[in-house]
Each structure stands twice: as C-alpha cells, then as structure tokens.
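User: Hi! Could you walk me through a few spots in this model?
Analyst: Happy to, here it is.

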Amino acid sequence: MDHAWRRTATACSVSAALLLAACGGGDDDPAPPPGGGNTLPGLKESVEIIRDKYGVSHIYAKNQEDMFYAQGYNAARDRLWQLDQWRRQGEGRMAEQFGPRFVEADRAARMFLYRGDLEKEYASYHPQSQAIISAFVAGINAYIDQVKADPSRLPLEFRLTGTEPGHWRPETVLVRKYGITRNIGSEVALARDVTAMGAKKVQELSLFEPPIDLQVPGGVDLSQIDGSIMNAYNLGHAAARFQASDFPGSPLGAKARDTLAKALSGPDEPAAASSAAEGMARANTRRIARYESNNWTISGARTASGRPILSNDPHRALSMPSLRYMVHLNSPGWNVIGAGEPALPGVSIGHNDRVAFGLTIFSFGDEEDLYVYETNPANRDEYRYQGKWEKMRRIEETIKVRGQADVKATIKFTRHGPVLHEDAARGKAYAVRAAYLEFPGTAAYLASLRLNQARNWDEFTAGMARHYTPGENMVYADVDGNIGWFGGALAPIRPKAGWSGLLPVPGDGTYEWDGILPGTSLPRVLNPAKGFYATANEYNVPDDYARKDMSAREWSDPNRVQRIGEVLGSARGLTVQDTAKLQYDDLSIPARELMGLASGLSSPDAEVADALQRLKAWNHRMSADSVAATIYEFWQYVIVAKVSDLYVPAASRDTFGDLDKRLVMNKLKEPDATFGAEPVQGRDALLVDALKAGLANLKEVLGNDPAKWKWGDLFHIKFDHQLAALLPAGQRAALGTERYPMSGNIETVYLGAYGADFRKIHGASYRQAIDVGNWDNSLAMNVPGQSSDPESPYYKNLLPLWVKGELFPMAFSRQKVDSLKADSITLQPAR
C-alpha cells in the first residue's frame with residue numbers, strides 16, 4: 001500500500017482530545033485508488049512508478065513531459081510540507097497564509113527574485129527547460145489538488161497549523177533564495193575588522209587564497225559599515241521563525257500552538273557562550289559555513305575492475321526530512337538516477353547510462369558586491385553615478401496578507417541591484433549587486449538538466465559551462481574510461497586594479513564589472529596523470545590557470561582532500577566498497593600534526609600527564625570508541641582560542657573571532673616572540689595549559705571518569721520529527737530515531753559538525769559510490785529516509801545503515817529495480 005495515502009491512528013494519537021479535529025477524528029485509512037492506479041489531468045500517457053525497498057522511486061514514462069510531471073507528483077506525495085515552505089519562503093508569499101508578521105520577510109524575499117528575460121533564462125538551463133519545468137510544476141499541483149479535495153490526506157503539519165498548500169507556478173522553480181552564493185556578508189564583516197584594526201593587521205591575521213594585497217577602495221568610509229546594512233538581506237534569506245499567533249486556524253490550544261511554532265521554526269540559534277560546549281558548537285558552525293563536501297573520480301588503472309569509480313558525499317545540514325531527494329527518471333532520451341532537491345526537476349548528483357558526475361562547492365566565483373552610494377539631499381531616491389544624480393527604480397509589490405487587505409510594498413533598485421539599506425542621516429544607500437539576479441540561467445542546480453543527458457566529456461563540459469550556481473567542483477567519469485574535473489562558477493570580472501571583491505565599493509561608476517567569465521574559460525582537467533582527481537572545497541585552482549587571480553579568496557581547510565589523496569595515491573585495485581569506506585574515514589590530519597609538535601610535552605600534573613600519554617599512544621582517528629579523540633577535541637578548541645588571544649587585539653576578539661586553524665598551526669610550528677622570550681618553551685607551556693583547561697571543560701560535560709569519555713558517548717546523531725515537542729513521550733520516540741554514537745569531526749573525511757549538545761547537525765545526508773559501466777553495482781545513501789511522512793516505512797529506514805557506514809544498492813537496470821521492488825503505482829491520464 002502507498003503510505004502517502006494513509007494516515008493511521010498512530011499519526012492521530014497525538015493526545016486524542018487535543019488533535020482529534022486535526023487528524024480527521026477516525027481510525028479508517030483513506031484507500032488508494034482501485035488497482036493502485038491514479039487518474040490525473042494533464043498526463044498524456046500512463047506512467048509507472050516503482051518504489052524499491054529503500055524508498056527510491058523509479059519513474060518509467062513514455063515521454064519527457066509525463067516523466068517530469070510524475071517527478072513533481074511523486075516529490076509532493078513524499079515531501080509536501082517541505083515543498084510548500086520552499087515555495088512560500090522563496091517567492092515571498094508567507095503572509096498570505098501565516099499573517100502580517102511575515103510582510104517584511106516577504107518583501108525582503110522578493111528583492112531576490114529574478115526579473116530578467118525569462119526566455120533567455122529558460123534557454124540557459126536546457127533547450128526544453130520551460131516545458132520540463134512546466135510539467136514538473138503541473139505534477140506538484142496535481143497532488144496538491146488531490147489532498148485539498150480530501151483534507152484527511154494532508155500531511156500532519158498542515159492539519160495542525162490549520163493551513164493548506166498553495167499552487168506552484170513555473171517561475172517558482174527559478175527562485176534564487178536557496179542558492180549557495182558569496183560574499184556580501186564577508187564584505188561587511190571584513191569592513192568592520194579593517195575599521196577596528198586596519199587593513200595591514202587584518203591581512204596579517206587572515207588567510208586569503210590566492211594571496212592578495214588587501215586594499216581599501218577609495219571613496220568608501222568603512223567606519224559607516226555596520227551590521228544593520230545586512231538586515232534585509234538576512235531576512236530575505238533566513239528560514240521562517242513562527243509564533244503561536246501565526247496559526248489562528250489551528251485546532252490546538254494556545255499553549256500547544258506556541259510549542260508548534262517553536263517546533264516548525266527549527267533549532268534555536270546558538271546562545272551566547274556560557275559553557276565550553278556552546279563555544280565549541282559555535283566554532284564548529286563557523287568553520288562549516290563554507291559548505292564542506294567530498295568527491296573523487298578514479299581511473300580504471302587504479303580499480304580492480306579496470307572501470308572508473310566516482311564517489312561523492314556532499315555535506316549540508318542534517319534534517320528530517322533530508323534536504324536531498326533521490327529519484328530515477330526514465331523516458332525516451334532520459335535514463336538518469338541520483339539525488340537533487342525535491343523542489344527541482346532532474347538530479348544534480350548521479351549518473352545516466354554513459355556518464356557519472358558528483359559535486360562539491362567550488363569557491364572560485366564571488367557573485368556579490370556591496371555598493372555604497374551618496375544620495376541627493378534634495379531627493380533621497382536619487383544617487384550619484386558618474387557625476388550625475390540617477391533615480392532609483394521603484395517596484396511596487398502586492399503582498400497578500402491573511403485576514404486583512406493586501407499590502408503594497410516598495411522595493412528600490414539602483415542600476416546595480418536591490419537597495420538593502422538607506423541611511424538618510426548620512427546621505428548613504430547600500431545595494432547588492434548579485435550576478436545571479438543580473439544574468440539569466442543562474443537559479444541553483446537547474447543547469448544539471450543538461451548533465452543528466454550528457455553522453456561524453458564534450459557534452460558534459462558544454463553543460464558545465466552553463467552551470468553557474470552554485471559554483472561546483474564537478475567530477476566526471478564515463479563508460480569509455482575517461483575521468484575529469486570541471487570548476488563551474490559564476491564569476492564576475494572586476495577589471496579595476498586592486499579591486500578584490502573583498503570589501504564594499506562606491507556605486508559612483510568607478511567600480512564596474514566587465515561581464516562574467518565565459519563558461520568556456522573555466523578550469524578543467526581531463527584524465528589526470530595521477531589516475532584520480534579529488535576535491536573537498538579546498539583552494540584547487542590550477543597553478544597554470546590564466547584567470548586564477550580573479551578568484552574569490554575564501555576556501556575550506558585542505559585537511560580532507562589531503563587525507564583522500566593519501567589513501568587514493570597509495571592504492572591499487574580499488575573497489576566501490578573501498579571508496580564507500582573512505583567516505584567514513586575518521587583520521588584527523590590536524591590531530592596528527594599537533595601530536596607531532598606535542599611529542600615532547602610533559603607535565604607534573606597527574607591528570608594532564610595521563611592525558612598526554614593517551615594522546616601520544618593515539619592513532620589520530622576520531623573514532624566513536626576513542627577517549628583520546630575526546631581529549632583532543634576539547635584540547636584543540638582551547639589551543640585555537642589561546643593562540644588567537646595572543647595575536648588578535650583584545651578589542652577586536654568578539655568581532656574578528658578566532659584565527660583560521662591553519663594559521664594557528666603555522667604559529668605553533670614556527671613560534672615567534674609573541675609566545676615569550678623563549679618562543680618554543682612558551683609554545684609548549686601554552687599547549688600544556690590548554691590541555692589542562694580542555695580537561696576541565698571535558699569533565700564539566702562528561703564527569704571525572706575517563707572510562708566514560710569515549711567520543712561517541714558525546715558526539716552522536718539523533719533525528720526528531722519537527723513536531724516532537726507536541727507529542728507524548730511514547731509517540732515522540734516513535735516519530736523520532738534512536739541515538740547513535742558518531743565518529744569523525746570537522747577535520748575528517750567523515751565530517752560532522754555539532755550543536756551545544758554535541759548532536760551531529762551537519763554532514764553527508766547523501767552519498768554515492770558509482771561503478772561506472774556496471775551501474776547496478778553502484779551504491780547510494782540518503783538519510784534518514786526518502787519520505788517526510790511518519791507513517792511511511794521510508795521515513796527513517798536508512799539511518800541504521802548510514803550509522804554503520806553502509807550504503808544500499810543504487811538499482812539502475814529494470815531487472816535490478818524489479819528485484820528490489822517494494823510497491824508501485826500507475827498514473828493514468830484523465831479521459
């Protein structure tokens with residue numbers, strides 16, 4: 001039976017008296033249509049959807065439009081609340097359902113809608129992308145119509161909030177809110193640091209790759225740059241935060257509505273530091289903000305089969321339901337399987353019958369600049385440009401608001417982009433120039449549609465030349481034995497000498513882009529001599545690349561890619577299982593480096609001496625059963641803080657934060673007089689003091705008994721349903737998952753960042769290990785499951801496998817799919 005069509009008493013038993021109305025009030029399940037069929041308007045021919053026992057849907061259609069229609073329909077039946085929130089927040093349509101509190105958020109979201117030529121926009125993604133997107137949206141709407149006709153089929157979130165899903169438009173898929181872009185927030189932060197410490201000191205304490213001479217643009221007073229400039233930008237990009245008053249149609253009482261609001265808002269922001277755990281959690285999340293992921297492609301010369309192997313484990317926030325959604329699409333001209341996001345057609349990571357591809361973020365393109373304008377004292381809607389006053393363009397948006405009249409909201413634009421902030425007292429205005437608003441074809445991931453049909457390296461690189469956002473390290477392998485890498489990016493050309501894109505610039509016409517770098521000029525590698533190519537968000541622009549100086553300057557630590565290179569570089573006869581195992585590798589290179597420095601340390605303090613003995617005997621693996629791993633995690637956090645205290649001026653510590661850990665290690669490897677008259681002895685004393693402080697923090701969290709300090713006793717994974725706080729204890733457990741110990745940390749290939757409770761909140765929700773050419777031997781993983789419906793067997797079924805380091809078969813041939821079949825439906829065209 002299709003569990004998307006059933007809502008049993010379990011889902012309705014959330015305190016029966018409280019939720020009777022919300023859950024429909026009965027125990028009878030709505031039955032699926034007779035024979036498993038489903039008649040839908042808009043289909044041309046029948047479509048078969050086979051769901052395998054892992055929850056992956058395999059869609060077999062007789063034409064392209066029906067296939068994408070079925071993809072939209074199928075995503076909606078598994079993820080409807082997630083999809084509706086994606087649409088409302090992305091389009092700026094929250095107020096029409098949740099009320100006047102969301103008017104400003106809607107206005108801010110609409111600042112970042114694409115307003116250019118839609119014909120060019122669609123043409124950029126795929127020759128038939130308008131038809132593809134229209135069909136996909138029609139499928140979503142068909143499912144919405146079904147559940148609105150029978151409200152008992154609405155997901156629990158709608159019934160408890162007293163709301164309902166709204167229809168999609170093709171333009172919904174084009175929203176820019178969810179793209180991973182850079183770097184306006186960094187510009188504001190850097191401007192404040194330069195104001196506080198000066199450009200020379202900031203450069204000394206920062207790590208820019210490639211190196212650059214940091215210059216303050218002429219004509220901008222950086223002291224006037226403050227956090228308020230980012231308010232509208234942040235509001236437009238933030239997830240919704242609810243209050244009880246947002247749900248007047250809910251069947252719940254006031255207290256339960258308040259609990260519901262907090263649950264649907266997701267986890268709270270980290271609190272101010274009141275303990276080591278909170279400080280460590282914030283340090284983790286700051287470092288993870290550069291979107292850590294791994295991928296690699298291996299030549300057949302290094303594999304047991306003689307065929308290439310391609311692996312990928314992109315890392316994002318771990319959530320229930322998952323950000324990622326797997327699907328297999330099959331119709332004439334299409335046969336592709338992998339993962340994307342449920343709101344988008346096609347897949348962004350996976351393989352077809354000839355090529356495989358997988359992504360990590362490539363930080364080459366800096367898509368955003370903050371422009372500062374002088375405004376006219378006589379008319380603040382005018383700004384100075386090339387010596388003349390130029391009028392801002394005004395767009396009046398109509399925002400529908402639940403329970404009251406529509407609101408007219410004005411959005412102002414300069415020639416560069418939406419106005420984020422106006423400071424009338426100083427005569428200043430601030431706008432963001434964003435390449436993804438200015439150039440067509442820049443909605444996130446949609447250009448993957450071309451990759452889904454690529455047959456060879458030339459077609460793959462032609463598709464990647466239009467894959468503007470996010471910037472991606474896309475690795476490649478094909479059935480002819482080729483492997484490769486393409487650095488996809490949306491990279492504005494800043495021709496003015498000294499203009500790095502790192503700081504705000506005047507909007508008076510002296511700082512103008514010269515278009516964007518053509519995709520045909522982006523870096524790429526085909527069949528590297530070493531027999532593999534790996535990326536992990538590190539600075540990897542080739543040394544001989546002609547345009548490397550126009551690169552953005554903020555990249556992730558190279559620790560993970562170094563470890564991947566160590567393993568792959570010494571290996572022969574690799575199998576798919578070997579590369580899947582590498583995705584769970586928990587060796588920390590920074591830990592190994594630190595212990596090299598600390599090998600001679602000693603202490604008269606018995607507790608510190610015992611810790612040093614454990615660390616010196618350690619294998620540098622952040623394994624769940626390791627006590628030394630826990631000691632190291634607490635120690636390194638204090639080391640970074642203490643070294644940062646030495647070098648960062650005290651008045652700037654709160655705003656600047658910690659030094660990059662690579663700089664900390666450099667300071668430790670080559671200590672200078674900052675550590676004291678005897679730098680080496682001063683460094684060693686700092687390391688011992690840091691270990692003593694780290695142990696005190698550790699005992700505060702785990703107690704005094706080292707036998708209870710295993711890393712997995714602290715670092716763990718557990719998923720809870722969004723509405724867990726509303727549920728009785730037994731029901732909460734049924735909708736949530738068990739608590740599992742975790743290995744790895746922020747520095748390992750098996751990456752994980754944690755919150756203040758040491759729960760893993762960031763890591764690989766999706767994994768793939770692809771045996772190129774022998775496709776049915778490939779493996780995949782999506783955690784915790786494909787469905788967001790607690791009544792579905794595919795809601796959390798994959799987590800136990802994920803925890804054990806196992807992947808499931810990525811069935812591709814019809815024979816393999818049929819062998820793993822769990823259920824199926826047939827979608828029929830309406831007559």
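**Helix H12 and beyond**

Analyst: In helix H12, residues 254–264, the buried residues include Ala256, Leu260, Ala261, Ala263 and Leu264. Buried means under 20% relative accessible area, exposed over 50%, partly exposed in between (1.4 Å probe, protein chains only). They sit on the same side of H12 because they cover an arc of only 165° around the axis, taking the directions from the helix axis to the C-beta atoms. Helices (H or I, at least four residues) and strands (E, at least two) are DSSP runs, numbered from the N terminus. This is a predicted model, where local features need pLDDT of at least 70, side-chain atom pairs count only at pLDDT 80 or more, and totals for chains, interfaces and linings use all residues. Residues are numbered from 1 along each chain as its sequence is written, and side-chain values use heavy atoms, leaving out hydrogens and water.

User: Which residues are exposed on the other side of H12?
Analyst: Ala254, Lys255 and Lys262 are exposed there.

User: New topic: is aspartate 381 buried or exposed?
Analyst: Aspartate 381 counts as buried, because its relative accessibility is 13%. This aspartate lies in strand E11, residues 379–385.

User: And what is aspartate 381 in contact with?
Analyst: Leaving aside neighbours within four places in sequence, aspartate 381 has contacts (heavy atoms within 4.5 Å) with Glu390, Lys391, Met392, Arg394, Lys412 and Glu422. The C-alpha atoms of aspartate 381 and lysine 412 are separated by 8.4 Å, and the two residues are 31 residues apart along the chain.
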